[in-house]
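Please look over the sequence and the structure below before reading on. The paragraphs after them go through selected parts in turn.

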Amino acid sequence: MEKMAKRHLVILLLVLFVAAFLRFYNLGSIPAGLHGDAASQGYNAFSLLNSSKDRFGEPFPVLFRSLGSYQPPIYTYLTTIPVSIFGNTPMAARFISAFSGILLSLITFLFFRAFFPSKPGLALFGGALVAIAPWSVFFSRLAVEANLALVIFASSILLYWRSLKNPSLFITACLLLGLSTHAYYSERLLAVLFLPLYLLIFRKFWLHQKRWAILGLVIFILTQVPHFSMVTSGAYIRRFDQVSGSGMDNYLVYYSLPNLFFDSDSNLGRTMPGLSVFYGWMVVPLIFGIRELVLGKVTKEAGKILGLLLILTPIPAALTGDLFYPLRVLDFLWVLTLIIAIGLYSIYAYLKVNTAKIGLVVILALYSIFSLYISYFILFKYEKAENYGYAYVKLAEKLKGYKDKEVIIDSARDLGIGVRMAYLTRFDPRNIQEQLRPQMKTSYYNSSVNSDEVYILGNITVKPIRWGEVCRENVLFVGDQAALSDKEIKEHKLKFEFEIKDLSGKTALLGYKTQPEEKCK
Amino acid sequence: MKRKFLIILGVSLGNFWVYQLFANNILMGLLLTSESILLFLTALPERSKKIQVAVFIILTGLSLYLLAISFNKEIFYISDYEKIVQKNRGEYFGAELGKIYGNKAGIFYFDKFRPVVSKISGNFASNLDFEKYFLSKNPEEGRYPVFLLPLFILGLVRLIIVYQKTSVIYFLLALIVSSLVSISGKMGPMLLFPFFNLCIALGALNIWRKWQKDI
């Protein structure tokens, strides 16, 4: 690869700084709270650090049993590093995802440098667009395995490209592609679709490099051995059973311009208030990018790889029952970002005057970061705090003052409360393992996974409220307004103790203590 | 030329949308069908300046009519629910942005300008939803049969490649006007009808030429 000009190196460092800032700024407090899945990864990492077993007492699992399903393992294993450094905080649980987001920006830069060595500016555009893309910032700040899987997958694509010049890299590319299947579910299917098609497209080259091709394939198959061992248990397809249901419509929605550029939604799998997966203005460079691809202005081989990825990457998500679920198509969104970068660079190159070029870049960058700040760092923070269990983070602090009481937290509507409280209170993993192992209704790896575990964390018990317990002395019930409704409070003569509000000001949790002397006399 | 004319005529009349437009207003149906043919003619190598002028005269007339009967008043109307959301958001902006929000320009931008832009961009996006045109599950809302979708994509790609100025300007103007009208009404995105017909016809023409070459 050519030596990079000093000016480009400085701009690259600036791009990486922006990527890091947008991912790590207030990472512990935005999103406000801690999602159950994130807490599960964090606590399993904490448990591994302390006992070499997960919270169910399974030594070094291949898949992590969690909340009625299984979590792919790599994210959890890597999370042991930030948990050991930063402790049991929301930031530690999200660290690997945020770091992956920065790496993706760098890999995109390297990707373009490898694909288009004569256009160093394009590589910078690519890195910068990933750094500020709403989808990348949004998912980098959540503890989602998909973001880590994307970095591994993107690295493998970069190496597959480079291996056309240096065939020995094919082995590392296959290793990374194989690893990506242990990082997220979409990659399991994507990898087995991509690899044979890649070999088919470049068959002329690989037929002359059979030795490397066979070695690479062997490496890929070896990385799949843990999956093979899971196939008969039912755990391998557990998640697919939960989300399956497909149709051509499910595939085409990923190409819908409103979904990609204009619609915003509130669900975890989607985006932030007022902003879609991409900024609205990006629709214009996308069209220019497609034009460049169709006109063959990018090299033929690069066009083939991008085209293949563009068609393949939405397939895993299309096989699920959900319509437009960005979390499952991060690979697709990355490919679109590459095309947008190509389009934006062609517009930039078309402008003849330097002032216009700089003006275009500065205006788009400032507008994008401003929109992102308003939508994510303000609106999302306040309006979506309830989706991320903000109130339970506050509750964990509040309950430090209730050590003399028996506390029962209702878990009827949120499966993640137990593990969230265990993570935030740094509860002894060995104790939790002794509690949870006997509560498994099936073997650790199974197609049927129960999620109704009761957590006993010292004086705190996390389980659905049973009103038979109101006649016990010194009990504090904690739950949302559905669990502790006015009717129940009146009927069981409960006494108000505290209220915890969401950032939006809405009541999220209530604490009421029993009065057996009133209720049960 | 005769064959090309037959293709655009077939496309313009061989869909569900044109009959919905005719049922709603015969004159509009006629004008939009004519506009489809004229727009198609401007995309051919043998186009003339007069036809281009005619396309934009008809577009202006249709736009004025559409804005007069279907202007989306909700763009400037704030519902009770929106007022509550806006009030809450005002508090969040106030807490996070301080004086940047708490001055005349800030309040105007966040409370007045942003919601209006958001509604217009919502309409804009809705007009770009190709699913609505080709994959509608409700037969009454269906505009084109789904098998025309590949032809449409082919034609669109062709337009992107050759960059036919008149068609692009027509599309952008039609999109802007359509963003200001009520999308739920039957006339909704009617200005885009000629553009869709153009893309489908170009796609069909492309396939016809390829087929003729092969034989």
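How are α8(A) and α11(A) oriented to each other? The model is predicted: local features need pLDDT of at least 70, side-chain atom pairs count only at pLDDT 80 or more, and totals for chains, interfaces and linings use all residues. Residues are numbered from 1 along each chain as its sequence is written, while chains are lettered from A and ligands numbered from 1 in the order in which they are written.

Helix α8 of chain A covers residues 169-180 and helix α11 of chain A covers residues 210-223. Helices here are DSSP runs (H or I, at least four residues) and strands are runs of E (at least two), numbered from the N terminus. The axes of α8(A) and α11(A) are 8 Å apart, and the two helices pack at an angle of about 20°. Axes are lines fitted to C-alpha atoms, for helices over the stretch in contact, and angles run from 0 to 180 degrees between N-to-C directions. Angles under 35 degrees count as roughly parallel, over 145 as roughly antiparallel, 65 to 115 as roughly perpendicular and the rest as oblique. Therefore α8(A) and α11(A) are roughly parallel to each other. Their crossing is right-handed; a crossing has this hand if the near helix is turned clockwise from the far one by less than a right angle, and is left-handed if anticlockwise.

Two residues are in contact if their C-beta atoms, placed from the backbone, lie within 7 Å. On the α8(A) side, the residues meeting α11(A) are A:F170, A:I171, A:A173, A:C174, A:L175, A:L177, A:G178 and A:L179. Their partners in α11(A) are A:W212, A:A213, A:L215, A:G216, A:L217, A:I219, A:F220 and A:T223. By class, this contact of α8(A) with α11(A) has 13 nonpolar, three polar and no charged residues. Ala, Val, Leu, Ile, Met, Phe, Trp, Tyr, Cys and Pro count as nonpolar, Asp, Glu, Lys and Arg as charged, and the others, Gly among them, as polar.

Helix α8(A) also packs with helix α9 (residues 185-201) of chain A, their axes coming within 8 Å and crossing at roughly 150°. These two helices are therefore roughly antiparallel to each other. In this pair, A:L177, A:G178 and A:S180 of α8(A) meet A:E187, A:A191 and A:L195 of α9(A). The residues of that contact divide into three nonpolar, two polar and one charged.

Elsewhere in chain A, A:V83 lies in helix α3 (residues 73-86). Is A:V83 buried or exposed? A residue is buried if 20 or more other C-beta atoms lie within 10 Å of its own, exposed if 12 or fewer, and partly exposed in between, with C-beta atoms placed from the backbone. A:V83 counts as buried because it has 26 C-beta neighbours inside 10 Å. Leaving aside residues up to four places away in sequence, A:V83 touches A:G42, A:A45, A:F46, A:L49, A:N88 and A:A92.

Some backbone features lie in the loops of chain A. Most residues other than glycine have a negative phi, and most peptide bonds are trans. The peptide bond from A:I30 to A:P31 is cis, with omega near 0°, and A:P31 is found in the loop between α1 (6-24) and α2 (36-51). A:F60, in the loop between α2 and β1 (64-66), has a positive phi near 35°. A:F60 counts as exposed because it has 10 C-beta neighbours inside 10 Å. A:R426 has a positive phi of about 55° and sits in the loop between α22 (417-424) and α23 (429-436). With 12 C-beta neighbours inside 10 Å, A:R426 counts as exposed.

Chain B has ten helices and zero strands. Its C-alpha trace spans about 70 × 35 × 35 Å along the principal axes, and 33% of its 215 residues are buried. Where chain B meets chain A, 18 residues of chain B are in contact with 19 residues of chain A. On the side of chain B that touches chain A, α5 (80-97), α6 (104-127), α7 (130-134) and α8 (149-162) of chain B each supply at least two residues. That side has ten nonpolar, four polar and four charged residues.
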